[in-house]
Structures are given as structure tokens and as C-alpha cells.
Amino acid sequence: PETGRLALYLLGLRATCPPPEPSPQRSLVTWLKYYLEEDWAGSRRHGHPLTSYYQYSLGVLALCVYHKRVREEVIRRLLVAQHHGTMGHAGGSAVDTEAVAALAFACLERERLVGAGLAEELRAATRGARRRMAEVQGEDGFIGNVYSTPWALQVFIATNTCRTQPAYGRAMAALLEHLDAFTTAATMAQALPALHGRSYLDIASMRCQEELDTLTPMSPEPLPEVPGNVTVQLVVECPEPRCPQRRLYNQPVPAPAGASLLDVLRAAAAQGPHNFTFDTQETPQGPFLLRVLGLEARQRDRTYWQLLTAPNTSLDMGVADYRPRDGETIILRLSEW
């Protein structure tokens with residue numbers, strides 16, 4: 001597992017108040033420390049973590065929630081990245097990454113896992129992150145996009161600034177109006193704490209003996225079928241000089257009404273004679289578009305397949321969640337972050 005996935009698993013494990021059998025958890029925490037050190041080594045060699053600053057921040061946050069110290073050099077990599085504004089990627093929002101980093105900073109300070117001098121730097125960095133989140137809030141109330149907004153709300157909650165920050169109320173109102181966007185366990189896990197006025201930092205101080213076992217299994221209802229069909233114009237772009245022709249694919253793709261973008265890609269692969277191919281990789285947030293027409297998005301090259309609706313609007317949802325409209329043009333663009 002990568003740093004971020006293991007960190008999320010450990011946060012979830014602690015939040016469920018598992019039986020007092022520390023050995024398995026201790027082993028997982030040790031593995032997380034190992035993966036974080038690997039990420040830090042990549043940052044030292046390449047100027048950025050081997051995974052991403054998002055996963056790197058999640059690792060620091062999870063270790064802090066487990067009351068584990070992190071070497072100062074590892075923390076300072078995050079401070080430097082935040083100071084230079086290098087946490088985001090091209091065409092995307094850095095709000096979620098900076099919010100997770102701010103939560104990690106707030107946790108390290110609250111749990112007193114750093115010295116007084118570094119704690120003051122972390123306080124200043126958290127204040128700066130909070131200020132920037134308020135500044136980038138859109139007219140729709142979102143801070144970044146619908147999925148990064150819960151992370152920003154958690155920062156306001158963790159730093160006790162909900163009542164003094166007008167951006168908080170507007171963001172919460174926007175979130176309540178778009179709860180249908182949260183369809184995977186991972187995205188729900190980001191939104192639910194904020195909706196209950198909590199942050200991931202609260203996991204560190206949970207008293208499991210006082211927690212009631214109120215969890216009950218539920219079966220999700222299947223989505224209703226929508227009659228008819230839609231036609232989506234599917235475009236694949238790759239930048240020069242890697243792809244001299246730049247536009248590699250541009251074809252209409254018929255699909256059932258209500259189909260997801262993933263269904264549209266499958267329909268494109270099934271129709272001939274244009275030889276459309278793609279591969280996905282399963283992640284906690286759902287399928288991640290890994291390869292299109294044989295071109296792979298590589299972590300070491302800092303490339304990813306950006307999803308856009310024409311002419312140049314990034315999609316907030318993944319391939320399994322977004323449902324294109326009839327006549328819409330969807331662009332798959334190999335981009336750098």
C-alpha cells in the first residue's frame with residue numbers, strides 16, 4: 001500500500017475503536033513510518049515525495065493521531081512546500097492537500113509532539129493555510145471544489161474558527177446542497193466528520209469505552225434506470241513533444257442515458273474500428289484512469305489523466321461518478337502536476 005492509503009486505513013481503524021489488541025496496529029504504524037521515510041527520501045532526491053504531498057501529509061497526520069513523533073526534517077518538507085506553493089498540480093486545486101497538511105500541523109502542535117520553536121512555525125503555517133482557503137472560496141461557496149471543501153471545513157473546525165470565519169458558514173451551506181456528490185466510502189469519510197462538527201484530529205482524543213456501538217450494515221439502493229441514449233464526443237489529448245499530433249482520438253460515442261463516464265469509455269472500447277483502449281486502477285476514491293491508448297500516467301513523471309468537459313473545465317468527479325450529458329464533449333488530457 002502507498003503512504004496515503006495506509007494512513008487512511010489507520011485513521012479509520014482507530015476511529016472504529018477496535019478491541020485492545022495493540023500488536024497488529026503497532027505493526028501497521030511501523031509500516032506507515034517506513035513508507036513516510038521512503039517518501040521523505042524521495043523528496044530529498046527529487047524535490048517532491050515519491051507519492052504526493054497529499055499522501056505525505058496524510059501519513060504525518062495519521063502518525064500524529066497515534067501519538068507518534070515524526071522527524072523534524074520530514075515535517076519541514078511540508079513547511080517548505082507550503083511556503084513555496086508547490087503542493088498542487090497543474091489544472092487542479094491544492095486546497096485538499098494544503099488542508100490535510102494544516103490538519104497535520106495542528107495535530108502536531110496540539111499533541112505537543114514538536115518543540116516550542118517548530119510549534120510556532122506550524123501555528124503560523126496553519127493560520128496562513130486557513131487564510132488562503134477563505135480567499136479562494138468561490139461564489140458557489142465551495143473552497144476549491146466540492147470534494148476539497150470538507151477538508152477545508154475540518155481545518156476551521158480543528159482550529160476553533162468556525163464562528164469567526166464567514167467562509168465556514170457559506171462552505172457548509174454549499175456542502176449540504178451537494179451531498180449527492182459523495183458516493184464512495186472515501187469521499188463520505190471526508191464529509192461526515194465536518195457535517196458533525198468534527199475533524200480527524202478528534203480521533204486522537206476519543207474515549208472508546210464511552211462510544212456506543214450504533215453501526216448497522218446497509219445495502220445501497222441501485223440507481224434507477226434512465227430510458228433512452230446519449231451521445232458523448234470523446235477526445236483524447238497528449239501534449240507536444242511527446243505527441244506531435246496532440247489530439248489522438250475524437251469520436252462520438254453512444255451510450256445509455258444516465259451512464260457514467262466509465263461506461264462511456266467501455267462503450268468506446270467496444271465500438272470499432274477506432275481501437276480505443278484504456279485501463280483503470282482501483283483506489284479508495286474509486287477507479288483511477290491509469291492508461292489511455294497505451295499512454296500511462298506515471299507518478300515518477302508527475303503525469304496524470306485530467307478529465308475535462310469542453311472547452312477547458314476540470315471535472316470534480318472521477319470516471320465512475322460523472323455522468324455526461326447528451327452532446328457533451330469530454331476531454332481526456334495527459335497533464336503534468
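Guide: In this predicted model, helix α10, residues 261-270, lies across strands β3 and β4. The helix runs at about 150° to β3. Five residues of α10 may be picked out by name, for Leu261, Leu262, Val264, Leu265 and Ala268 are its buried residues. Seen down the axis of α10, these buried residues fall within an arc of 155°, and therefore they line one face of the helix.

What do the buried residues of α10 pack against? Their partners are the strands β1 (229-237), β2 (247-256), β3, β4, β6 (303-309) and β8 (329-336).

β3, β4 and β5 form an open sheet of three strands, in the order β3-β4-β5, with antiparallel pairing. At its edges are β3 (278-283) and β5 (295-296), each of which pairs on one side only. β4 covers residues 286-292, and its antiparallel pairing with β5 extends over two bridges. In one of the pairs, Val292 has Leu295 of β5 as its bridge partner.

To return to the helix itself: α10 presents Leu261, Leu262, Val264, Leu265 and Ala268 as buried residues, and the strands they pack against include both β3 and β4.

Note on methods. Residues are numbered from 1 along each chain as its sequence is written. This is a predicted model: local features need pLDDT of at least 70, side-chain atom pairs count only at pLDDT 80 or more; totals for chains, interfaces and linings use all residues. Side-chain values use heavy atoms; hydrogens and water are left out. Two strands pair if DSSP finds at least two bridges between them. Helices (H or I, at least four residues) and strands (E, at least two) are DSSP runs, numbered from the N terminus. Contact means heavy atoms within 4.5 Å. Axes are lines fitted to C-alpha atoms, for helices over the stretch in contact, and angles run from 0 to 180 degrees between N-to-C directions. Buried means under 20% relative accessible area, exposed over 50%, partly exposed in between (1.4 Å probe, protein chains only). The arc is that of the directions from the helix axis to the C-beta atoms.
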